[in-house]
Every structure is written in C-alpha cells, then in structure tokens.
Amino acid sequence: MEEPSPVLDDLLRAGGMDVVRYEGSPDEDRLRALLAEHRSQVLFKRSQVPVSEDVIAASEHLLAVQLCCIGDDSVDKEAAAAHGVMVFNDPVSNGRSVVELALAHLIALSRRLYETEPACRSGRWDKSSSERYEIRGKTLGVLGLGNIGRQVARAAEDLGMHVRFYDSRHAPCEVGLEFGWELATSVRDLLRTSDCVTVHLSATDVHGRSNRGVLDGGLLHELGADRPDESPRIFLNLSRGFLHSAESLLDAVERGAIRRAAVDVYPKEPGLDQAWTNPYAREPRIAVTPHIGAATLEAQPRIARRVAHTILQFAQYGTLRDCVFDPRARLQLLEEGARGGQNLLAVAHATTRGTKRVVDEAIYDAGASNLSSVHRDFESYGIAYELAEIDRPLDEREVRALVEKARTLTGDDRAMRSVRLLRAPTS
Ligand SMILES: NC(=O)c1ccc[n+]([C@@H]2O[C@H](COP(=O)([O-])OP(=O)(O)OC[C@H]3O[C@@H](n4cnc5c(N)ncnc54)[C@H](O)[C@@H]3O)[C@@H](O)[C@H]2O)c1
C-alpha cells in the first residue's frame, strides 16, 4: 500500500510470494480487514498509514512489516515486538536523493532563488547582491554524519566548502576525521562555527534517547555566531520534523539569527489526502518542501529492490537485516545461492529469562541437533530472535510443546511470539 514501486511486486512474485496490492491508504478498520481477508504475513508500506497496536493484535498471520522508506514512526514498534512482528525499513536506498535535495536547497537559499524567481516572474528586476552568496569557501556544519550526512559533506567539499561536523557515535567521527573534516565539540559549537548548517540526525541518539527538541532552547539563535557578520547563516533540516519546534525556527529567522532556512520535514505531517497547514507560511525566508527528500524516480525502484531482498531472505533463510529494533544487527546463517535444503528454525521470543534455553531444549527434546545458530536480544523492545540450523525439522507437535514449555517455565503467555520452520530453497 501507499504505492511502493511496482518493481517490488515483480521481485516478490519471482521469489515465490503471493502479492496483493492495495491502491491508496486505508484507515485502521480497512487495514485490519484487508490483513485478515488476505491472511497477510508481510505488510509493505511507506510512511503514512499508521500501524497501530489494534491492527497488529488483530492480524494473527502477520510476521513482518516492511517499510519502503527509512522513517519508522508510523508503526507501533512496541506492539509489533510484543506480538512477534519484526519491523524492517530501508536505511540506505534513498540517501542520494536526499543529498541532492539538500544541495539544491543550500544553493537556492544562498542566492535567494525562492524569493527572486516569483518576483522576477511578476516583473520585478532585482539585481542586487545583498544577501546573495557563493557557497565556495564557506563552512558547512553537518549535524549527524551517518549515511546521508557524510554524502552531503563530500558533495559540499567538492563544491569548495569547508566541512565541520558533529556526531555522537564514535564510528562516524572516525570516518569524518579520516576525510579530513573538523570535528566540533558539541551541537552548540557546530552551530556557532558554521556559516551553513545541515541536519541529518536519526530519530534517536547513540543511547537510544529520542532527539525530540534537541535543537530547541535557543540553540538555533547561535548559528554562525562565531562567523563574520556577513556569513550566510543558512539552516537546513531534511531529517526529522521533531528535532525543533516550528516556533524555534521562526523565532531564529525573525530575529535575524538565521538568514534563510529550508525544511522538508515537520512536527506534524498529514496522511495521504489530508489537508496540511504550513507552520512557516508567514515567513518567506523559510522554504518548505513536502517531505520529498526520497521522492525521485530513481530512489523508489532502488528501495523496492532492497526491501524485496530483505523480505525474501527473511522468508527463505530467516535472515534479519534492516530491522528497526536494532538497525546495526545482522543475523544470518545461510547465504542466497548456498547449497539449499537445510532445515532452519526461526523464533521470535520474549527476552524473559529462560526463554532462549527453552528453544535449545526443544531442539534437544525432539532428538534433533543444533548445527549452528545466531541469536540477538533486542532488549529495549523486550524481544529476541533466534535462528538455528537443525539436522531435521520439528513437527507440529514438537513446536506446540516448545510454545507450551516456554509458557509454563516463564509464566509469560506470549513467551514464544512466532516460530517458523524453514527449508532453505535449492537453486
Ligand atoms: N527528507 C526525507 O525524505 C528523508 C529521506 C531519508 C532519510 N531521512 C532522514 O534523514 C535522517 C538521516 O538519515 P541517515 O540514513 O543518514 O541516518 P543514519 O542513522 O545513517 O545517520 C544519523 C546519524 O545521526 C547521529 N546522531 C543521532 N543522534 C545524534 C545526536 N543527538 N547528536 C549527534 N549525532 C547524532 C547518529 O550517530 C548517526 O551517525 C534520518 O532521520 C532519516 O529519517 C529523511
């Protein structure tokens, strides 16, 4: 639903899946009915249709929600974990499109294009160089040096800008220093020492804490404070709408701390076909785009290819990647194209003490051997994933015994949240 690229349907069918495409964006009741009617095991969606606890609880066949985008705010992840529904996104495929939009905004703002074009169109001939800048030689502050931030930094460097950055994780800092960029000591330091700032933060920081409001509290007023008076003082946010309030940005622009800004994301964004009120409507120096960072003809088929691969690998080999419970986790036993025919047991279970042991014992009790296994606790969501290669498949009775034993041992009715027996495809 929400119209992912049709490339997705072809790839899933080629991988042996049945696909039902829903045009448009259903409300909660309709979504629940659709999932039940088709006994759907995987839901593919973009960022708008909410997947609530009620929908998840009612969808007994659902094993996974695959987001055809990065943002995962539309899914109740705690509810998904509680019901053993794995949630996946695509953290990489649309990066380039966002990078190009950031550069487009940066150059457009530095030349006042958003004001100049409509004025010129209506007959106003303003050739003044006032508040029009080259970006070459200016300092770009990149807040968040992940997948997108680092691509923006490289492109800006190619355009002659100096790059400073700040990131709370060690690995991106190493990458930035390796490129010869300057590491700021804090968000405030980055803002004060940059002529232009572009924000590419994820929703949470290295400790899993929400970044909601990280740029509030007067921070935006400090942009370019340590730069010369004629600094362009441009601000871009193409990452998350909740990093600052609309009021904070309006205030910083209206007081002249920021000369111009562009935003692609908002504290409140509408669902499909819903009306929207631009919180920056009164301020022409803040340019707005409707969350189109990833909306390019190139990005959508790229996303389709990646998410199809993620789900086919999950379905056929139990592999886990791009799981929003921990984006850095990768659990895999077999590679596509491997010999095939192996028996796999893929279990999502509670992190309650003793639950993992029940899985191991169930394999043993059934007289099967665990040939190799990988395991991951997603502690903050209370769910774990276990993938084991076993020398013979468990039968239905043995699986029921596994579920029952986990329930008895832990006192948790939902200790075992999903149990899948897979046979790796032979090519
Ligand atoms: N506008 C759009 O259409 C669009 C499209 C794609 C992605 N996005 C958004 O862009 C953002 C960046 O995407 P990405 O793929 O580069 O993500 P990423 O996870 O690769 O990078 C985010 C970086 O921010 C850093 N970070 C997080 N919190 C921090 C904090 N408080 N202080 C310092 N550093 C912090 C992380 O350590 C990480 O290196 C995401 O929020 C994503 O949702 C927007």
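Accessible areas here come from the Shrake-Rupley method with a 1.4 Å probe; for residues, only the protein chains shown count as cover. This is a predicted model, where local features need pLDDT of at least 70, side-chain atom pairs count only at pLDDT 80 or more, and totals for chains, interfaces and linings use all residues. Numbering runs from 1 along each chain as its sequence is written, and side-chain values use heavy atoms, leaving out hydrogens and water.

**Whole protein.** Show the surface. The protein exposes about 20,400 Å², with 48% of it from carbon and sulfur atoms. Switch to the C-alpha trace: its span along the principal axes is about 80 × 45 × 40 Å. Color by burial. Of the 427 residues, 50% are buried (under 20% relative accessible area, 1.4 Å probe, protein chains only).

**Ligand shell.** You get 26 residues; Ile148, Asp167, Leu201, Asn211 and Asp264 are the closest. Color the shell by class: 9 nonpolar, 12 polar and 5 charged. Nonpolar covers Ala, Val, Leu, Ile, Met, Phe, Trp, Tyr, Cys and Pro; charged covers Asp, Glu, Lys and Arg; the others, Gly among them, count as polar.

**Polar contacts.** Look for pairs of N or O atoms within 3.5 Å. Start at Ser168: a backbone N or O atom sits 3.0 Å from a ligand nitrogen. Go to Leu238, where a backbone N or O atom is also 3.0 Å from a nitrogen of the ligand. Then pick Arg240: a polar side-chain atom lies 3.0 Å from a ligand oxygen. Finish on the ligand itself. Alone it exposes 870 Å², and the protein buries 90% of that.

Notes
A residue is near a molecule or strand if one of its heavy atoms lies within 4 Å of it. A polar contact is a pair of N or O atoms within 3.5 Å; within protein, one must be able to donate a hydrogen and the other to accept it, and residues adjacent in sequence count only if both atoms are side-chain atoms.
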